[in-house]
Amino acid sequence: MDYNQYSLRSKELIQIFLWYIFVSGVTGILFYNTLWFMVAGIPLFFMMSGKEKERRKNRRKEQLKREFKEFMLSMAAALQAGYALENTISVIQDDLLRAFPSGPCYLAEECACMKHSLEMKRPVEELLQDLGTRSGVEEMQDFAQVISTAKRSGGNMVQIIRSTAEQMRDAMEVRQEIAVAVAAKSLEQKIMLLMPFGITGYLRLTNPGYLDCLYGNWCGVLVMSGCLGMVLVSSVLAKQILTIEVR
């Protein structure tokens with residue numbers, strides 16, 4: 001499986017289309033007093049599909065990172081117990097299945113494939129490098145490179161892998177702490193982005209004629225389009241501000 005790609009299933013596309021109908025319908029009524037926005041805003045559907053595809057791909061990668069943390073610690077423990085590097089894959093698979101009993105465990109499935117490839121005499125470092133490339137996860141690529149270098153140069157394999165695993169685990173925990181810290185701000189940002197819709201809906205319900213001057217004429221269309229554009233720009237800027245990378 002190439003984790004850098006994600007294909008939406010039919011069920012997911014239907015869910016996105018229904019959500020698009022709701023969003024475009026509400027936007028059309030509130031900002032333009034017409035449902036024609038559902039037709040004019042068709043590019044929004046493709047944008048929503050792309051965003052959802054990216055969101056699901058990133059969520060799968062986050063799951064991979066959580067599994068990989070367990071993968072590294074399990075490998076270090078197995079090597080410490082005296083297992084050969086190639087034989088740690090079976091141990092890791094069992095540990096992963098115990099650590100993630102519910103839902104799909106991608107690395108457990110990868111371990112099953114690696115066991116089959118090892119029986120075909122493929123080097124374990126080659127398999128790990130292939131997994132790192134397909135995963136698109138920087139930590140997995142770096143870990144595979146460390147193992148490949150350690151195999152070629154010799155040295156204390158157990159200490160090298162254990163030290164690398166601990167450093168990567170610490171970095172991943174820092175990322176998780178940052179994600180928790182910005183989660184509240186992310187919720188606030190989403191609420192603020194919904195405020196223009198809420199205020200417009202409130203005005204239309206409590207004083208239906210108050211916004212009539214903005215509907216049915218080009219001047220009103222330009223004003224409302226400008227307001228909607230500012231909401232979209234604010235959304236993009238807020239996302240960039242809340243995106244924090246740790247290296």
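The structure holds 8 aromatic pairs, where rings of Phe, Tyr and Trp (its six-membered ring) pair if their centres lie within 6.5 Å, with planes under 30 degrees apart counted as stacked, over 60 as edge-to-face and the rest as tilted. This is a predicted model, in which local features need pLDDT of at least 70 and side-chain atom pairs count only at pLDDT 80 or more, while totals for chains, interfaces and linings use all residues. Residues are numbered from 1 along each chain as its sequence is written, and side-chain values use heavy atoms, leaving out hydrogens and water.

**Aromatic pairs**

- The ring centres of Phe45 and Phe46 are 5.5 Å apart and the planes meet at 70°, so this pair is edge-to-face.
- Phe45 is buried at 17% relative accessible area, whereas Phe46 is exposed at 56% (buried means under 20% relative accessible area, exposed over 50%, partly exposed in between, with a 1.4 Å probe and protein chains only).
- Phe68 and Phe71 form a stacked pair, 5.8 Å centre to centre with 20° between the planes.
- Both Phe68 and Phe71 are buried, and they lie 3 residues apart in helix H3, about one turn of the helix (helices are DSSP runs of H or I, at least four residues, numbered from the N terminus).
- Ring pairs link Phe17, Tyr20, Phe45 and Phe46 into a cluster.

**Nonpolar cores**

- The largest nonpolar core has 34 residues, of which Phe71, Met75, Leu96 and Phe143 touch the most other members (a core is a set of buried Ala, Val, Leu, Ile, Met, Phe, Trp, Tyr and Cys residues joined through side-chain atoms within 4.5 Å).
- At least two residues of this core come from each of H3, H4, H5, H6, helix H7 (138–153) and helix H8 (157–206).
- Another core, of 8 residues, lies apart from it and includes Phe37, Leu211, Tyr215 and Leu228.

**Helix H4**

- The 12 residues of H4 (residues 88–99) should span 16 Å at 1.5 Å a residue, which agrees with the 16 Å between its end C-alpha atoms (the expected span is 1.5 Å times one less than the number of residues).
- Thr88, Ile89, Ile92, Gln93, Asp95 and Leu96 are the buried residues of H4, and their cover includes helix H3 (42–80), helix H5 (106–119) and helix H6 (124–135).
- Not counting residues up to four places away in sequence, Leu96 touches Glu67, Glu70, Phe71, Cys105, Leu107, Ala108 and Cys111 (contact means heavy atoms within 4.5 Å).

**Thr27**

- Thr27 lies in helix H1 (residues 10–32) and counts as buried at 6% relative accessibility.
- The Thr27 side chain reaches the backbone oxygen of Val23 at 2.8 Å.
- Leaving aside neighbours within four places in sequence, Thr27 is in contact with Tyr32, Phe37, Phe197 and Leu228.

Definitions and conventions:
Polar contact = N/O pair within 3.5 Å; in protein donor to acceptor, adjacent residues only side chain to side chain.
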